[in-house]
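This report goes through one protein chain part by part. It begins with the annotated regions, then turns to the domains and the contacts between them.

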Amino acid sequence: MRRDLFDEEHDLFRETVREFMAREVVPHHAQWEKDGIVPREVWKKAGELGMFGFSVPEEYGGSGISDFRYNTVIVEEIIRVGATGLGFGLHNDIMAPYLVDLTNDEQKQRWLPGFASGELITAIGMTEPGAGSDLQGIRTTAVREGDHYVVNGQKTFITNGINSDLVVVVVKTDPSAGARGTSLVMVERGMEGFTRGRNLEKVGMHAQDTAELFFENVRVPVANLLGDEEGQGFFQLMNNLPQERLSIAVAAVAAAETVLEETIEYCRNRTAFGRNIGKFQNTRFVLAELATEVDIARHYLDKCVRALNAGELTAVDAAKAKWWTTELQNKVVDRCVQLHGGYGYMLEYPVAKAWLDSRVQTIYGGTTEIMKEIIGRSFDF
Ligand SMILES: Cc1cc2nc3c(=O)[nH]c(=O)nc-3n(C[C@H](O)[C@H](O)[C@H](O)COP(=O)(O)OP(=O)(O)OC[C@H]3O[C@@H](n4cnc5c(N)ncnc54)[C@H](O)[C@@H]3O)c2cc1C
């Protein structure tokens with residue numbers, strides 16, 4: 001079926017991004033996987049091309065366009081070449097709403113120009129060693145002392161954790177008030193008492209810096225609180241999580257499509273028992289099933305992107321997109337490894353790397369189980 005999500009300007013933008021990936025990313029990504037991190041310079045180069053902060057108003061260096069189709073193009077092009085080390089999706093898709101929608105003018109002036117130029121890399125610290133799915137169980141505190149908060153606590157598994165200059169940190173400003181005691185404060189590189197822990201060694205996505213963050217009596221100005229008042233954090237997170245989940249689903253479907261295409265090509269060329277392995281009925285049936293499901297996923301997902309643009313994407317719809325597409329991605333990648341035989345287990349084949357990189361997709365951004373909880377709760381039993 002013909003895909004009708006994009007207009008001509010998106011197609012032109014895709015060419016720019018594709019060319020950027022071929023020139024600035026693909027030749028280096030294997031080295032970045034060894035290094036466990038992507039150099040900051042590549043962020044600046046992407047910023048120069050206008051790859052960050054579409055929704056950032058023009059006066060702050062952005063494009064002033066709220067159109068998630070541009071974000072979609074970037075994620076798809078990153079995934080198409082397997083450049084899972086680039087934390088651009090987190091910066092563009094997940095962080096932009098916090099920085100654009102929840103900041104006052106003074107904060108916009110401080111942060112948005114760097115956000116759009118790629119000189120100021122962002123991260124979000126929700127998860128702690130003792131609380132992931134159960135966000136209300138976080139223990140990091142921010143105690144007000146005059147015009148500062150004193151922040152103490154620890155975060156883990158933070159994407160862009162090493163490279164980030166500005167971190168939205170989920171804190172308890174009133175530990176006795178449940179969800180209403182949660183706030184978001186911006187912690188900046190260089191603040192005394194803010195340190196990074198290990199760049200964590202992961203199963204896949206080796207070029208992505210995923211790290212621990214520590215806060216020991218960090219004095220954060222009250223001017224770094226997001227929103228007009230304390231206690232809004234939980235609701236601010238709930239508002240923004242659907243877009244985060246959609247971004248993960250975009251990556252999932254792009255990865256499934258890419259791996260499927262590569263595998264079909266592989267099955268055209270690999271022979272066994274005197275014929276292409278694509279001639280075996282089992283191969284064709286497996287590929288037929290996967291191709292069907294990926295097409296269905298594509299259409300639901302594109303509809304979600306349109307709904308997001310129209311301000312109509314619900315938390316339930318985003319949860320459906322997130323769990324179903326990421327589970328599908330894992331299924332597709334796993335079946336495609338099988339169709340590659342032993343070569344599917346060799347890291348020189350993209351399908352093997354895709355297998356390692358895809359596993360986390362059903363976990364971060366809210367696990368499959370939590371997504372089903374969100375959907376299940378909507379039935380109002
Ligand atoms: C590579 C990577 C990058 C990440 N990036 C970030 C980031 O940038 N910022 C950030 O804040 N976090 C990040 N995370 C953390 C991620 O969001 C959490 O790992 C995830 O939300 C799950 O939390 P948890 O690990 O504490 O697992 P737990 O919450 O302990 O869950 C363990 C298991 O219990 C299940 N479970 C939990 N509660 C329920 C329930 N109510 N019903 C049924 N089953 C349940 C879960 O589904 C899971 O299977 C990242 C994680 C990884 C691996």
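## Annotated regions

In the unreviewed UniProt entry, residues 8-119 carry the annotation "domain: Acyl-CoA dehydrogenase/oxidase N-terminal". In the model, which is predicted, this span is 66% helix and 0% strand, and its end C-alpha atoms are 29 Å apart.

## Division into domains

The chain is also divided into domain 1 (8-120), domain 2 (123-231) and domain 3 (235-377). Between the C-alpha centres of domain 1 and domain 2 the distance is 23 Å. In the contact between these two, domain 1 takes part with 25 residues and domain 2 with 24 residues.

About 2,000 Å² of area is buried between domain 1 and domain 2. Carbon and sulfur atoms give 58% of that buried area.

Polar links are present here as well. There are 12 residue pairs in polar contact between domain 1 and domain 2, counting pairs with both residues at pLDDT 80 or more. The number of salt bridges between the two domains is two. Arg 40 and Asp 165 form a salt bridge through their side chains, with an N to O distance of 2.8 Å.

## The domain 1 side of the contact

Which elements give two or more residues to the side of domain 1 that touches domain 2? They are α2 (29-35), α3 (40-48), α5 (88-101) and α6 (105-117). The element that gives the most is α5, with five residues.

By residue type, the side of domain 1 that touches domain 2 consists of 13 nonpolar, seven polar and five charged residues.

## Salt bridges in the whole structure

How many salt bridges does a search of the whole structure find? The search finds 26.

Another salt bridge joins Glu 77 to Arg 14, and the closest N and O atoms of this pair are 2.7 Å apart. Glu 77 belongs to helix α4 (residues 68-80), while Arg 14 belongs to helix α1 (residues 8-25). The two residues are 63 residues apart, and the pair therefore links distant parts of the chain.

Technical notes. Residues numbered from 1 in each chain as written. Predicted model: local features only at pLDDT ≥ 70, side-chain atom pairs only at ≥ 80, totals over all residues. Heavy atoms only, no water. Domains from an automatic or database assignment. Contact = heavy atoms within 4.5 Å. Buried area = accessible area lost by both parts, 1.4 Å probe. Salt bridge = Lys/Arg side-chain N within 4 Å of Asp/Glu carboxyl O. Polar contact = N/O pair within 3.5 Å; in protein donor to acceptor, adjacent residues only side chain to side chain. Helix = DSSP H or I, 4+ residues; strand = E, 2+ residues; numbered from the N terminus. Nonpolar A, V, L, I, M, F, W, Y, C, P; charged D, E, K, R; others polar. UniProt positions renumbered as here; feature names shortened; annotations may be inferred.
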